[in-house]
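Me: I've got a protein model open and I'd like to work through it bit by bit. Can you take my questions as they come?

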Amino acid sequence: MENEFSFALGPVVIGASLITTWAIMLVITLIAWFSTRHLEILPGSLQTLVEGIVAAIDEAISAVAPEHGRQILPFIATLWLFLIVANLVGLIPELHSPTRDLSVTSALAVLVFFSVHWFGIKTQGLKNYLHH
């Protein structure tokens with residue numbers, strides 16, 4: 001891999017993938033915060049766009065898990081939005097998608113793996129989940 005920006009914070013090396021990941025999380029958080037500050041009954045263009053995105057994600061989740069859609073919507077929507085933005089960042093010159101780094105991809109895989117089990121235990125109870 002080519003030389004990329006990194007610095008050490010004690011024994012921990014902070015690389016470009018981590019910095020880009022945190023920047024993406026900050027951008028998504030700020031967009032979510034700013035777009036939900038002044039919600040109206042008659043939505044403006046920004047509110048219409050955000051509601052459309054949420055409705056599309058909700059519809060996709062409900063098609064797969066209709067009885068648990070509302071419960072898993074926040075996790076799945078956040079994961080999808082992060083992945084979309086993370087992969088689109090690679091189109092910006094001098095920036096690289098954090099998902100090109102195996103450690104980021106592995107961390108997302110571990111997060112999803114444990115989340116699937118956690119949601120299963122939460123909805124079915126531990127005894128029923130283990131019996132499954």
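Me: Is Ile 53 buried, exposed or partly exposed?

Reply: Ile 53 sits in helix H2, where helices are DSSP runs of H or I with at least four residues, numbered from the N terminus. Buried means under 20% relative accessible area, exposed means over 50%, and partly exposed is in between (1.4 Å probe, protein chains only). Since the relative accessible area of Ile 53 is 37%, the label is partly exposed.

Me: What kind of model is this, and how are residues numbered?

Reply: It's a predicted model, where local features need pLDDT of at least 70 and side-chain atom pairs count only at pLDDT 80 or more, while totals for chains, interfaces and linings use all residues. Side-chain values use heavy atoms, with hydrogens and water left out, and residues are numbered along each chain as its sequence is written, from 1.

Me: How far apart in space are Ile 53 and Leu 81, C-alpha to C-alpha?

Reply: In sequence, Ile 53 and Leu 81 are 28 residues apart. Ile 53 belongs to H2 and Leu 81 to H3, and both are on the list of residues where these helices meet. From C-alpha to C-alpha, the gap is 9.7 Å.

Me: At roughly what angle do H2 and H3 cross?

Reply: Two packed helices are described by the angle between their axes and the distance between the axes. Axes are lines fitted to C-alpha atoms, for helices over the stretch in contact, and angles run from 0 to 180 degrees between N-to-C directions. The axes of H2 and H3 come within 9 Å, and the crossing angle is roughly 115 degrees.

Me: How many nonpolar residues does the contact of H2 with H3 have?

Reply: Contact means heavy atoms within 4.5 Å. Among the residues that meet are Val 54, Asp 58 and Ala 60 in H2, and Gly 69, Arg 70 and Trp 80 in H3. Ala, Val, Leu, Ile, Met, Phe, Trp, Tyr, Cys and Pro count as nonpolar, Asp, Glu, Lys and Arg as charged, and the others, Gly among them, as polar. By those classes the contact has 2 charged residues, 1 polar residue and, for nonpolar, 11.

Me: Which backbone oxygen lies 2.7 Å from a polar atom of the side chain of Thr 21?

Reply: Thr 21 is in helix H1 (residues 16-35), and at 12% relative accessibility Thr 21 counts as buried. Leaving aside neighbours within four places in sequence, Thr 21 is in contact with Phe 82, Pro 98 and Val 104. The backbone oxygen in question belongs to Ser 17.

Me: Which residue's side chain has a polar contact of 2.7 Å with the side chain of Ser 97?

Reply: Ser 97 lies in the loop between H3 and H4 and is buried, with a relative accessible area of 11%. A polar atom of the Ser 97 side chain is 2.8 Å from the backbone oxygen of Ala 86. A polar contact is a pair of N or O atoms within 3.5 Å; within protein, one must be able to donate a hydrogen and the other to accept it, and residues adjacent in sequence count only if both atoms are side-chain atoms. The side-chain partner at 2.7 Å is Thr 99.

Me: Is Glu 94 buried or exposed?

Reply: Glu 94 is in the loop between H3 and helix H4 (102-124). Phi of Glu 94 is near 75 degrees, a positive value in a residue other than glycine. With a relative accessible area of 78%, Glu 94 is exposed.

Technical notes:
Helix = DSSP H or I, 4+ residues; strand = E, 2+ residues; numbered from the N terminus.
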